Amino acid sequence: MKDTLRTLVADAIAGATTAGELRLETVPEVELERPRDPSHGDWATNVALKTAKAAGSSPRAVADIIAARIAGHPDVAGVEVAGPGFINLRLSESALRRQVALVREAADDWGCVDLGHGRRVQVEFVSANPVGPLHVGHGRWAALGDSLAAILAHAGWIVEREFYVNDAGVQMDIFAKSVSARYSELCGHSATFEPEWYQGAYITEIAREIYDAEGTCWLDAAPQVREDHFREKAYAQVLAHLRQVLHGMGVDFDVWFSERTLHVVGGDGLTEVQRAIGQLSAQGYVYELDGAVWFRSTDFGDDKDRVLLKADGEYTYFAADIAYHKDKFDRGFDRVINIWGADHHGYVPRMKAAVAALGYPGQLDVVIGQLVTLLRNGEVVRMSKRTGEMVTFEELLDEVGADAARYFFLRRSTDQPLDFDIGLAKEQSSDNPVFYVQYAHARICSILRKAAGLAPDADIDAASAAARLAPAGTSLDALVDPAEFALVRKLAEFPEIVEQAADLLAPHKLPYYAEELAGAFHQFYTLCRVVTDDVALTAARIALVDATRLTLERVLALVGVSAPERM
RNA sequence: GCGCCAUUAGCUCAGCGGAUAGAGCGUCCGGCUACGAACCGGGAGGUCGCAGGUUCGAAUCCUGCAUGGCGCACCA
């Protein structure tokens, strides 16, 4: 609809230019926007303001000329020049009614836009160290990444979700030592426990699982053998647990990428890390200084150069991360999106520098999510794996439920810090906005049950019931009420919302839209009865209600929240 | 010291170059003898942190300042 109008305005300008009414060298880009004030119509354009100077005329005069050529089009009920020279367009009732049919025709594809043109994008998120439970912040990244992936898929991208498993590095060894020490204690032996080791109760739980399954047989094993065993056992348990918790909130990854594989020697005698550094080196971005090997990231806008290979012969985490990103692009992604917490934002310039040096400038986006502060009854809860004084994401999920948790996380813009008060989230669960939206969906299902003559508690296949009650081609001429058209207008916004959310990598647009849509529906519901003796009106309203149901279902799917038939 | 993010109604936040700045919560008033009141309608409530600048037009862009959060490793 927006494109139709854009063309309409552009044609009007072209026509006026040809007829000599306007003197313009080129036809400008027509920007259409939705006026804040609905009394200004459905759409407004500022082309006249933009082109008045070039046309050597006043904005209002230009606007008058363009407006005169638009008036009379069947999709346009009104066109007026307002303010300093805006052209306001009002859609005709027939154009609005047609929108209802378009929604139902599109069904699950409703709201799809084509920003991606079938290109491949990878979204990497959560990527928590596999040495303990997820904390609440991870929940935010999980909700964010999964929704962003869904949005991009709806916007024409081919999407993969990936979890980068940091299973190499010293934190794994500390993890192993921690579990091993707790194991000794379970066997009745005393064990030294260094303060920097992981002290959470979950460490003991992992040790207990090993103890229960394998007994005391590891007490006398050689230290290195024993540590290796505990590391791998504990790692496998944590990873399985991460998978399970994330799956429990509806987040499933296509790829779990192990950092270790980057350090495996290949057929050419080199690891992926070495090959990546080799490539940078061949391009002249690598040098030696003070016994270390450096990447000249300052060539790509970083503040300072960064070490790849330390003087002690170990590769830095950054070196592995470069290899990892090279691997991503080697897998053929046109674009890579990483979701990181704000505590890692200082890492962005060097990573972008590396990706640019590898030959993929501008193809990496990093979404920085501001941190989550966990509160309990107004008191800040410190979160630390080391001290173990934490509320895990799993506990939060159990307390507030996956729907509320995801919605709560997503509703705030990513660059806004989030205070998550556990007590509040639980107390408010009944007037959490997620219920307002879900309630609209449940109400629609209830209407369809009523219209289909089913009992209030009967199960219903809403889509097929609606298709039976108001088949495609049902006349919508009975729709005349302002509340009906207000709802239609809100429905029509959906593709624009998807486009914005995908373009700005801003999933929070969706919950806000969902609430507006639910609001428009609740108003309609209050003013217009759907199931009446008037057969034509009932059918038309069923069609409208069904289009609303479809749209709510789509939005909620993109948010990752269920659309219940009853609640 | 340098950098990133924020600062909008009593509270929590949308809006990010357009026309009289919005929503939810809270508060005050009102609405169920028909499809779910987990709903709807109305009122009160704001120098968009401060000061300059850019332009037809600024909460939105630029500069400086203030306040708060997060960073600034040959850690991962």
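Me: What kind of model is it, and what are the ground rules?
Reply: This is a predicted model, where local features need pLDDT of at least 70, side-chain atom pairs count only at pLDDT 80 or more, and totals for chains, interfaces and linings use all residues. Residues are numbered from 1 along each chain as written, chains are lettered from A and ligands numbered from 1 in written order, and side-chain values use heavy atoms, without hydrogens or water.

Me: How many helices and strands in chain A?
Reply: 20 helices and 15 strands. These are DSSP runs numbered from the N terminus: H or I of at least four residues for helices, E of at least two for strands.

Me: What does the C-alpha trace span?
Reply: About 90 × 65 × 45 Å along its principal axes.

Me: And how much of chain A is buried?
Reply: 51% of its 567 residues. Buried means under 20% relative accessible area, with a 1.4 Å probe and protein chains only.

Me: What about the accessible surface?
Reply: It comes to about 25200 Å² for chain A, and carbon and sulfur atoms hold 50% of that. The method is Shrake-Rupley with a 1.4 Å probe.

Me: Switching to strand 11. Why is it largely enclosed?
Reply: Strand 11 covers residues 335-341, and seven of the seven are buried, so the rest of the structure largely encloses it. Both faces are covered. Arg335, Ile337, Ile339 and Gly341 sit on one side, with Val336, Asn338 and Trp340 on the other.

Me: Which strands pair with it?
Reply: Strand 5 (residues 120-124) runs parallel to strand 11, with four bridges. Strand 12 (residues 364-369) is also parallel to strand 11, over six bridges. Pairing takes at least two DSSP bridges.

Me: What are the bridge partners of Asn338?
Reply: Glu124 is bridged to Asn338. In strand 12, the partner of Asn338 is Val366.

Me: Last one: is Arg161 buried or exposed?
Reply: Buried, at 17% relative accessible area. Arg161 lies in strand 6, residues 158-165. Its contacts (heavy atoms within 4.5 Å) include Asp146, Asp252 and Asp254, leaving aside residues up to four places away in sequence.

Note on methods. Buried means under 20% relative accessible area, exposed over 50%, partly exposed in between (1.4 Å probe, protein chains only).
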